[in-house]
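Reader: I am new to reading protein models. Could you take me through this one?

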Amino acid sequence: MANIAVIDYDMGNLHSACKGLALAGATPTITDVVADLEAADALVLPGDGAFDPAMRHLREKGLIEPIKREIAAGKPFLGICLGLQLLFDGSDEGVEPGLGLIEGRIRKFKKEPAIAIPHMGWNQLTLTQPMCPLWQGIQDGDWVYFVHSYYAEPADPAVNAATTTHGSQTVTAAIARDNIMAMQYHPEKSAPAGLTMLANFVALVNAHTPVAVA
């Protein structure tokens, strides 16, 4: 089974993400140890909360460069919620630089009379990269669970793997580029579609992992 390092940087409940990955057939390990990231078959960066504290925690734990190094080496990576936002250059929520792995910024939803901020609850996906491996068994219009006040604005819209619409604003719901994949919503809370996506990620990791020869 895929050995997946779930990165612990003191931001949010990581156990629900682990439970979802375990149900999808992986062996997840919550860790902030660099050697564990290096030994893992894939990395998952979940998270809830604010952008600046998250980046400070990653820096204080010495995890920023190891994460970048493992991604640059081609290791499959999945960001969830705040874990998607941290991939970008920075956020209107704060002043800390992000990981800078995806060019663009995190923006706040514009206020509209008929919508609530944060965007909280179930909403539908529009798949903009239909061939993305995460979407095996997923259809346009499937429902997933969001909780966020800020959204990603990639410099290159082709990075978007899916979008969603809140009020009149159509925003990034998921991104995919090479071995980097991330979801603004919570797949572990989006059954059955979300668990299918996690299973697709685990299948991708298993396919990526070399098989030992006796």
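Author: The chat below goes from the whole chain to single residues.

Reader: What kind of model is this, and how are residues numbered?

Author: This is a predicted model, in which local features need pLDDT of at least 70 and side-chain atom pairs count only at pLDDT 80 or more, while totals for chains, interfaces and linings use all residues. Residues are numbered from 1 along each chain as its sequence is written, and side-chain values use heavy atoms, with hydrogens and water left out.

Reader: How many helices and strands are there?

Author: The protein chain has six helices and 13 strands. Helices (H or I, at least four residues) and strands (E, at least two) are DSSP runs, numbered from the N terminus.

Reader: Why does the radius of gyration agree with a compact globule?

Author: A compact globule of 214 residues would have a radius of gyration near 17 Å, and the protein chain has 16 Å, so the two agree. The radius is taken over C-alpha atoms, and the globule rule is 2.2 Å times the number of residues to the power 0.38. Along the principal axes, the C-alpha atoms fill a box of roughly 65 × 40 × 30 Å.

Reader: And what percentage of the residues is buried?

Author: Buried residues make up 51% of the 214. Buried means under 20% relative accessible area, exposed means over 50%, and partly exposed lies in between (1.4 Å probe, protein chains only).

Reader: Which contacts account for 71%?

Author: Among contacts in the protein chain with a separation of 6 or more, 71% are between residues 24 or more positions apart. A contact means heavy atoms within 4.5 Å.

Reader: Let us turn to one helix. Which residues of α4 are buried?

Author: Helix α4 covers residues 64-72, and its buried residues are Ile64, Pro66, Ile67, Glu70 and Ile71.

Reader: Why would residues three or four places apart point the same way?

Author: An α-helix has 3.6 residues a turn, so residues at that spacing point the same way.

Reader: What covers the buried residues of α4?

Author: The cover includes strands β1 (3-7), β3 (42-45), β4 (77-80) and β13 (180-183), together with helices α2 (34-39) and α3 (51-60). After α4 comes Gly74, whose phi is positive, near 100°.

Reader: You mentioned α2. Where is Glu38, and what is it in contact with?

Author: Glu38 is in helix α2. Leaving aside neighbours within four places in sequence, Glu38 is in contact with Arg69, Glu70 and Lys75. The C-alpha atoms of Glu38 and Pro66 are separated by 7.9 Å, although these residues are 28 apart along the chain. Glu38 is partly exposed, with a relative accessible area of 41%.

Reader: New topic: how many disulfides are there?

Author: The count comes to zero disulfides, a disulfide being a pair of cysteine sulfur atoms within 2.5 Å. Cys18 is in no disulfide, and the nearest cysteine sulfur, that of Cys81, is 16 Å away.

Reader: What about the phi of Cys81?

Author: Cys81 has a positive phi of about 60° although it is not a glycine. Cys81 is found in the loop between β4 and α5 (82-85). Asp10 also has a positive phi, near 65°, and is not a glycine; Asp10 lies in the loop between β1 and α1 (15-23).

Reader: Lastly, what is Ala176 in contact with?

Author: Setting aside neighbours within four places in sequence, Ala176 is in contact with Gln129, Cys132, Val159, Ala161 and Met181. Ala176 is in strand β12 (residues 169-177) and is buried, with a relative accessible area of 11%. From C-alpha to C-alpha, Ala176 and Cys132 are 7.3 Å apart in space and 44 residues apart in sequence.
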